[in-house]
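Please look over the structure below before reading the notes.

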Amino acid sequence: MNFSKNLSYARKKLGISQEDFAEKLNVTRQSVSKWENNDTFPDIDKLSIMCKIFNVKLDDLVNGDLEHLKDEDKSYKVVINEVLNGIKKIVSDLGQKDAKGIIKFIVEIAVILLIIFAVNIPFVMIENFINEIFMTLGIVGGVISSVLVVILQLTYFLVAVVMFIYIIKLRYIDGKELKENVVKEKEIKENTDISSDVIEAKVEKKKREYREPFKIVSILSGLILLFLKFVFSIMFLCLIFIMFFIVVGFSLFLILSFKGVIFFGVLIAFLGGLLLIYSLEDVIFKFVFNKRNNALKVFILLLVSTVLLGVGVGSSIYEFSQIEYNDTMPNDFKVSTKSSVIPRNDSLKLDNFHNVKYVVENRNDIKLTYQYYEELSSYDINVLDNVIFIDYNNTVVNPKVVLDSIIKNLKNKKLYNYDSSYFNLTVYATQSDIDKLIENTNNFHN
């Protein structure tokens, strides 16, 4: 191996890019590229610095074969530096990835772990085989079996670690080196007379060799990403509906503010909710359409919306706690009374009535008197097939009266129960007619 190959091998072994290595030597990256392509040769000062960086002898670097040096000639510092630089590269690369890249990374790690787990299957089979053979030999066989199982488990552990490191290195460290090699090949193309077709063929070959083992992972990550985009699209539509109702609520409380009923806490909470929904929609939209999110912008929006929601909800709880609730109708509404007279009939019965009062009177007919709030609803008593029933219209007759009453009472920190179903019925008849009416009604409903 000549100097150019030694330099390329030693640099990659340390996990240093051409840019970083050039910076350590205070030269340009093109100089490093030319050294590794055996186009030029560095001076003795640069070689001395390289020996210190790689922790090798000058003769080994220039004339030796670093790739096949004996283990005792390698410093443990080189190994540590290589691992640390590899981790640094992976973390740095993750920080620059978008959502698709991160999902792909997670899928690839999961596949790697699955492969490593699958490798354990033959080890488990061998372990079971060892147990079956040696456990029949008593205590000695048990000791031998335990020792062999421990050795087997340690072997699997070492194999798993080596596999994991090798695959990670191949995928995430050598992948970066591939990009550097592509750049290098393009530089050669620009600075030499070699045919551009030859250079492009070499570049494409390197890309194919690198990507070939990861095609399944790419397809799997693509399917998962497509599914996630579908799920997030559904979430986006749901957030649109939620935003619509938040806007409606905000508008209603804003109108109340113009009427003199001010709930600052509710308005602040609605603003916080709108800002939060907008933030989530923005993140989802950019994820679905492969646009990069501004992390700082998203963080600020989420922080501000969370603060607004917290302040708004807290203030709203205090504001609503100051309102006095009464489970009755306000004094603004008066009870209306109507009467109806029905000829006596031994087959008469009542439909589903609540709050029925019976009054005994000496009369030849049956008189029905009913009370209700006419501003809220409309009632009429009718008889069909000897059944006395209510013809009930629960549509608010005059909504403006009700709204004005609600606003007026809220200004005074009071809230009432506007129950449109209020209805009291009084039956005036003889005792015998009342008894017969009650009997018929009970039989009718039972």
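The points that follow are grouped by topic.

This is a predicted model. Its pLDDT averages 78 over the protein, and 78% of the residues score at least 70. The structure holds 0 disulfides, and a nonpolar surface patch of about 640 Å² is present.

**Confidence**
- Among the elements of the protein, helix α12 has the highest mean pLDDT, at 92, while helix α9 (residues 196-211) has the lowest, at 49.
- Over residues 191-196 the pLDDT is below 50, and this stretch has 3 contacts in the model beyond near neighbours in sequence.
- Residues 209-214 also stay under 50 in pLDDT, with 8 contacts in the model beyond four places in sequence.

**Nonpolar patch**
- The patch of about 640 Å² is made by Leu296, Phe299, Ile300, Leu303, Val304, Val307 and Val311.
- Phe299, one of the patch residues, lies in helix α12, which spans residues 295-321.
- The helix that holds Phe299 is the element with the highest mean pLDDT.
- Phe299 counts as exposed because its relative accessible area is 52%, and the cut-off for exposed is over 50%.

**Cysteines**
- Cys51 is buried, since its relative accessible area of 11% falls under the 20% limit.
- Cys238 has a relative accessible area of 43% and is therefore partly exposed.

Methods:
Residues numbered from 1 in each chain as written. Predicted model: local features only at pLDDT ≥ 70, side-chain atom pairs only at ≥ 80, totals over all residues. Heavy atoms only, no water. Patch = residues over 30% accessible without salt bridge, like charges linked within 9 Å, V, L, I, M, F, W, Y side chains within 5 Å. Areas by Shrake-Rupley, 256 points an atom, 1.4 Å probe, with all protein chains shown as cover. Salt bridge = Lys/Arg side-chain N within 4 Å of Asp/Glu carboxyl O. Helix = DSSP H or I, 4+ residues; strand = E, 2+ residues; numbered from the N terminus. Buried < 20%, exposed > 50% of the residue type's maximum accessible area, 1.4 Å probe, protein only. pLDDT = per-residue confidence, 0-100. Contact = heavy atoms within 4.5 Å. Disulfide = S-S within 2.5 Å.
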